[in-house]
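Here's a quick briefing to read with the fold open in your viewer.

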Amino acid sequence: MARTQDVERFERWSATYDRSPAQRLFFTRVHRALCDALLGGDVPPARVADIGCGTGRLLATLRERMPSTELIGLDPAPGMIAAARRRFAQQPSILLEVASASALPLADQTLDAATTTMSFHHWDDQQAGLREAARVLRPQGRLLIADMFAMGLVGRLSAAVVGRRHGRGFRTDAEMGELLNRAGFTSWRRVRMLGRASPICIVEARRGPG
Ligand SMILES: C[S@@+](CC[C@H](N)C(=O)[O-])C[C@H]1O[C@@H](n2cnc3c(N)ncnc32)[C@H](O)[C@@H]1O
């Protein structure tokens, strides 16, 4: 698998990633919000994959709050997966693999939910990643994407200034709708996180019944 510039950056960062202040101050809140959204579904998910899982911090939150859910973590940066394996050394039931969103090592229709936090804007091929998520989800399965979006003043400014240095950058609602529909998601909604002015949101999409 060829590594993109973004993945190379995370590979170099992987050894110290968990020590960054942003992890403690900001990512923890994102992980909690995502977990709340996941638990807010009709049925607690039995099998969940976190795409772009990094060092596995969301997985650790999910493990705490959903002890019987089967968890899978995937990330294209081998250093991130190595760090996640160290984190879960005592919990070998969590499957961790080096993989990009564009080629998920999972069989068709085998997940109840897929999650991804602050990773989607780094994906080099977001359309392929969303198609893969739709492929591996069971009918009516849910995809939850926590990320920054190009909406509101802060979001549009961030998309213009910072977004270009991050993989595909931050998406507008119109772009998200098109990407999700083309991938096979039949409905979706976006919910703001971290306050009304914040462009950090959770997009929750549901795969079609077929
Ligand atoms: C900002 S980190 C977030 C990590 C983790 N989700 C978290 O919340 O702490 C972004 C992650 O996305 C991963 N990533 C980059 N490109 C990707 C792709 N094409 N498919 C899946 N993950 C990707 C990176 O390797 C990195 O671990």
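Predicted model: local features only at pLDDT ≥ 70, side-chain atom pairs only at ≥ 80, totals over all residues.

**Around Arg-192**
- Arg-192 sits in strand β6.
- Setting aside neighbours within four places in sequence, Arg-192 touches Met-151, Ala-197, Ser-198, Ile-200 and Cys-201.
- Met-148 is 44 residues away from Arg-192 along the chain, yet their C-alpha atoms are separated by 9.8 Å.

**The sheet**
- Seven strands make up an open sheet with mixed pairing, and the order reads β3-β2-β1-β4-β5-β7-β6.
- The edges are taken by β3 (95–98) and β6 (185–192); each has a single partner strand, so one side of each has no neighbour in the sheet.
- On average, neighbouring strands here are turned by 15° against each other, if you ignore direction.
- Strands β1 (residues 47–51) and β2 run parallel and are joined by five bridges. Look for Ile-51, whose bridge partner in β2 is Leu-74.
- Strand β5 (residues 137–148) and strand β7 (residues 200–207) run antiparallel, with seven bridges between them. Here Ile-145 is found opposite Val-203 of β7.
- How many of the six residues of strand β2 (residues 70–75) are buried? Five are, so β2 is largely enclosed by the rest of the structure.

**Helices on the sheet**
- Helix α3 (residues 57–65) lies across β1, β2, β3 and β4 (111–117), and its direction is at about 175° to that of β2.
- Helix α5 also packs on the sheet, where it touches β4, β5, β6 and β7 and makes about 145° with the direction of β5.
- Helix α4 (residues 78–87) has buried residues at Gly-79, Met-80, Ile-81, Ala-83 and Ala-84. Their cover includes α1 (5–13), β2 and β3.

**Helix α2 against helix α3**
- The axes of α2 (residues 21–39) and α3 come within 9 Å and cross at roughly 45°, which makes the two helices oblique.
- The α2 and α3 crossing is right-handed.
- From α2, the contact takes in Gln-23, Phe-27, Thr-28, His-31, Arg-32, Leu-34, Cys-35, Asp-36, Leu-38 and Leu-39; α3 brings Arg-57, Leu-58, Thr-61, Leu-62 and Arg-65.
- By class, the residues where α2 meets α3 are seven nonpolar, four polar and four charged.

**Helix α5 against helix α7**
- Helix α5 (residues 126–136) and helix α7 (residues 173–183) pack at about 45°, their axes 8 Å apart. That angle is why α5 and α7 are oblique to each other.
- The crossing of α5 and α7 is right-handed.
- On the α5 side, the contact uses Gln-126, Gln-127, Leu-130, Arg-131 and Ala-134; on the α7 side, Leu-179, Leu-180, Arg-182 and Ala-183.
- What is the make-up of the contact of α5 with α7 by class? There are five nonpolar, two polar and two charged residues.

Key
Residues numbered from 1 in each chain as written. Heavy atoms only, no water. Axes fitted to C-alpha atoms, helices over the stretch in contact; angles between N-to-C directions. Helix = DSSP H or I, 4+ residues; strand = E, 2+ residues; numbered from the N terminus. Parallel < 35°, antiparallel > 145°, perpendicular 65-115°, else oblique. Left-handed = near helix turned anticlockwise from the far one by under 90°. Contact = heavy atoms within 4.5 Å. Nonpolar A, V, L, I, M, F, W, Y, C, P; charged D, E, K, R; others polar. Buried < 20%, exposed > 50% of the residue type's maximum accessible area, 1.4 Å probe, protein only. Pairing = 2+ DSSP bridges.
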